[in-house]
Amino acid sequence: MNGNSMIKAVVDNNMCIGCGLCAAQCKTGAIQMRINQFGFYTANVSETETDKCNDECIKVCPFNPKPDDNVKTENEIAELFLTQANNHHNKIGRYINTYAGYSVEHRLTSSSGGIATYTLTELMRRGEIQHVISVKAGSSTAHYQYTISSSIDEIASAAKTKYYPVTLADVLKDINKLDGKVAIVGVACFIKAIRLAQVHDPIFNDKIGFLIGIICGGVKSTFFADYLASKAGASVSAFTQPEFRIKDHGSTASDYSYGCLDKDDNQLTIKMRKVGDMWGTGLFKANACDYCDDVTTELADLSLGDAWLEPYSNDGRGTSVLVTRSDLAEDIIKVGIANRELVIDELPEGRFLASQQGSFNHRHDGLAYRIKIGGTPLNAIPPKRFNNTSLSPLLKTIHRLRIVTREKSLLVWASTKESQVFDHKMQRSLYWLRFFTLISHYQRAIVRRIKKVLSN
């Protein structure tokens, strides 16, 4: 089986995440990235061109089920690129330091603490990079897409988080034509694909100057934006400019809104707390995300996420958690603190882990069980690093319900496209998932309280 046949197998097994590195690497044009019937980018492989391709395309796939030994998992890849990071934790990966804080200048115009915008600006000011590849408002056919910024002013327009499928295919095809170094912002699987391209393609290794990783709760379908627009009162076929993280500066970090423009350009918003849990339930999430064990975007120079722990979560203006993994990343943060451009606290390892505990519980603790009961064939899943099989019956029930809810959400929205109908059809599945999840939360709280009492 050649490279493109293997890419087709990844797609057929519902493991393509849409990063587009295979299309960028394909020399024959046999691979094109297209939105599928469930609102995700996937690789479309031309049957007539398949035989002309070698293994270059599959080698850069983050969900390649048979990677080379030197890039078998994130651990081996990190050894190639993050040699300056002397600390290691099996859940965090290699790192230099962990922090929480924000950029004084960029905080209010960003989704979290504005650290990504600050870092990219500093990289360009220092001459470390000349271009940034990040997600901005897209064309008439896509709300968002990856674009190239070549000035500091252009960087600012990509400041906020977009829970919308994008692909790197088009912007990376001509990366060799860009004059100078490039920084790229992406989620864990995209960053992994870029690192794999650096291993296998000297052009990529020469051009990539810095990677910023966004700590991700799962890649969402276009259905997510459509559903929220419908909940806000817009027509699914006519809304524009979806905005996923409208902050309430006087409230808490989690009390944000979704907004969009309707067909008459009226601004419509809805508080996400009124919509319900879109993350723990797995609604509109890609199947491949359930087989990803990289919570903290381990292969980036700098990893960023939301500081979901007190006191930071009480501040609606936004705070980021940071993981520095290269000397350059560490220096930018240290200099920013010294110049009072960043307000940063060093975050002990345990506190950082607590900030992403929900993701660790799902992506690490439940991984082996999902592999066992999921519909994805074992030979289609890349090597994994977490094999916990000691889940309680309650947690096994929750993981089963999450799989069912994720799959059902895509099937139902594909046939309804209307939030009230969707909510009605999903009601029973979501009720039982939330019921058992609530019991689990109570159980965890009781165990923590008992441990606290015993320790005193």
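This is a predicted model: local features need pLDDT of at least 70, side-chain atom pairs count only at pLDDT 80 or more; totals for chains, interfaces and linings use all residues.
The secondary structure of the chain comprises 17 helices and 15 strands. The radius of gyration of the chain is 21 Å, close to the 23 Å that the globule rule gives for 456 residues, so the chain is as compact as a globular protein of that length.

Of the 456 residues, 56% are buried. When contacts with a separation of 6 or more are considered, 71% of them are between residues 24 or more positions apart.

From the whole chain we can turn to a pair of its helices. Two packed helices are described by the angle between their axes and the distance between the axes. For helix α16, which covers residues 393–416, and helix α17, which covers residues 419–455, the angle is about 165 degrees and the axes are 10 Å apart. Because angles over 145 degrees count as roughly antiparallel, α16 and α17 are roughly antiparallel to each other. The crossing in which α16 passes α17 is left-handed, and the residues of the contact between these helices divide into 14 nonpolar, nine polar and four charged.

Leaving aside neighbours within four places in sequence, G113 is in contact with G101, Y102, S103, R107, G318, T319 and S320. A separate pair shows how sequence and space can be set side by side: G113 and V343 are 230 residues apart in sequence, while their C-alpha atoms are 9.5 Å apart in space.

The second residue, E74, belongs to helix α4, which covers residues 74–81. E74 has a relative accessible area of 5% and is therefore buried. Which residues does E74 touch, not counting those up to four places away in sequence? The residues that E74 touches are K192, D293, D294, E298, L299 and R385.

Conventions:
Residues are numbered from 1 along each chain as its sequence is written. Side-chain values use heavy atoms; hydrogens and water are left out. Axes are lines fitted to C-alpha atoms, for helices over the stretch in contact, and angles run from 0 to 180 degrees between N-to-C directions. Helices (H or I, at least four residues) and strands (E, at least two) are DSSP runs, numbered from the N terminus. Angles under 35 degrees count as roughly parallel, over 145 as roughly antiparallel, 65 to 115 as roughly perpendicular and the rest as oblique. A crossing is left-handed if the near helix is turned anticlockwise from the far one by less than a right angle, and right-handed if clockwise. Ala, Val, Leu, Ile, Met, Phe, Trp, Tyr, Cys and Pro count as nonpolar, Asp, Glu, Lys and Arg as charged, and the others, Gly among them, as polar. The radius of gyration is taken over C-alpha atoms; the globule rule is 2.2 Å times the number of residues to the power 0.38. Buried means under 20% relative accessible area, exposed over 50%, partly exposed in between (1.4 Å probe, protein chains only). Contact means heavy atoms within 4.5 Å.
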